[in-house]
Amino acid sequence: AAGIPRRRSCRFVMTSIGDLPEDVLVELLSLLPARELVCTCRLVCTQWRYVVDLTTLWKRKCQRDGFYLQNLDRTISDWKIFYMLCSLKRNLIKNPCAEEKFKHWKLDHNEGDKWKVEKMPGAHGTNIPDPAVRKYFVTSYGPCLKSQLITLQKEGYWNQLMDEKRPEIVVKDWYAARFDCGCRYELIVRLLSEDYLVLEEFQPEPVIIEQWSDAVWREISHTFQNYPPGVRYIWFQHGGQDTQFWAGWYGIRVTNSSITIGPLT
């Protein structure tokens, strides 16, 4: 009819995700978990494989998860591996502070009155600097040693990563004596091959603490670097005993053990 305006026909063109600009696609894909990106998205098409391999995508993921610092730009050669290591990084020692008694630990030597769990600070003891640590393991007058074997593949560290990148492996342990009794502290950490051969080892001299010490908690630390390829397991063992052979639990106290792999940032 005259005077009635005609409706303009509107056409909506559906745009596929593949038509998005590269920076938008990077932003979208950076929201996905790393495993999905590498194992699924990278296989979709040539374009997605290209984007998943971009340094900018992995930098963006580092920014999202709080791993990125601007001063790292000149030192990181592979941002994808850097992100993977940061996201995997955690304490690989289970039950390090005796909260679950002796769960996850193998008691290799359990002599005298055997291993025991006590609460901080304990008799004639002091508190550890970290207030979150509330318990410790304590040894007796006979040899007391306990260990854990860490399987790297089970913890997410694949063979190629360990062989080619050989990320730093940082070992820490805390030990203390009672004020009124002397004791001995021991630590051994071994990097093992698939056949359990020792590829590298950290075994400091045993620490002998005399009677009437300050009973202060002390940290021991070691970083494995440039170790041989083929590391598949990490074996951690610590313990000791008292040096005066008193019945009860007067030996070395240990807690807050840790093994971490990856960047120090």
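Which residues does Val171 touch, not counting residues up to four places away in sequence? That one is picked up in point 6, after the overall picture.

1. Ground rules. This is a predicted model, with local features needing pLDDT of at least 70 and side-chain atom pairs counting only at pLDDT 80 or more, while totals for chains, interfaces and linings use all residues. Residues are numbered from 1 along each chain as its sequence is written, and side-chain values use heavy atoms, leaving out hydrogens and water.

2. Overall shape. The C-alpha trace of the protein spans about 110 × 45 × 35 Å along its principal axes. The radius of gyration is 27 Å, whereas a compact globule of 265 residues would be near 18 Å. That radius is taken over C-alpha atoms, and the globule rule is 2.2 Å times the number of residues to the power 0.38. As for secondary structure, you'll find 6 helices and 11 strands. These are DSSP runs numbered from the N terminus, helices being H or I with at least four residues and strands being E with at least two.

3. Of the 265 residues, 41% count as buried. Buried here is under 20% relative accessible area, exposed is over 50%, and partly exposed is in between (1.4 Å probe, protein chains only). The accessible surface comes to about 15100 Å², and carbon and sulfur atoms own 51% of that. Those areas come from the Shrake-Rupley method with a 1.4 Å probe; for residues, only the protein chains shown count as cover. On the charge side, there are 35 positive and 32 negative side chains, and the centres of the two sets lie 10 Å apart. Lys and Arg count as positive, Asp and Glu as negative, with His and the chain ends not counted. Each charge is placed at NZ of Lys, CZ of Arg, CG of Asp or CD of Glu.

4. Two domains. The assignment gives domain 1 (22-87) and domain 2 (106-261); the bounds come from an automatic or database domain assignment. Their centres, taken over C-alpha atoms, are separated by 36 Å. The contact between them takes 4 residues from domain 1 and 6 residues from domain 2. Contact means heavy atoms within 4.5 Å. Across the protein, 76% of the contacts with a separation of 6 or more are between residues 24 or more positions apart.

5. What covers α5? Its buried residues are covered by elements including α2 (34-39), α4 (55-65), α6 (159-165) and β11 (253-261). Helix α5 (residues 79-88) has 8 of its 10 residues buried, among them Trp79, Phe82, Tyr83 and Cys86. Leu161 sits in helix α6 and is buried, at a relative accessible area of 2%. Leaving aside neighbours within four places in sequence, Leu161 is in contact with Ile81, Leu85, Arg166 and Pro167. Leu161 and Leu85 are 76 residues apart along the chain, with 9.4 Å between their C-alpha atoms.

6. Strand β5, side by side. Back to the opening question: Val171 touches Val189, Ile220, Ser221, His222, Phe224, Phe236, Ser258 and Ile259. Val171 lies in strand β5 (residues 169-176) and counts as buried at 2% relative accessibility. Its C-alpha is 8.2 Å from that of Ile220, 49 residues apart in sequence. Lys172 is also found in β5, but Lys172 counts as partly exposed at 32% relative accessibility. Once neighbours within four places are set aside, the contacts of Lys172 are Glu219, Ile220, Ser221, Phe236, Asn256, Ser257 and Ser258.

7. Backbone spots to look at. In the loop between α5 and β1 (106-110) you'll find Ala98, with phi near 65 degrees, a positive value in a residue other than glycine. Ala98 is buried, with a relative accessible area of 1%. His104 is in the loop between α5 and β1 too, and its phi is near 80 degrees, again positive. Finally, a cis peptide bond joins Met120 and Pro121, with omega about -5 degrees. Pro121 belongs to the loop between β2 (116-119) and β3 (135-138).
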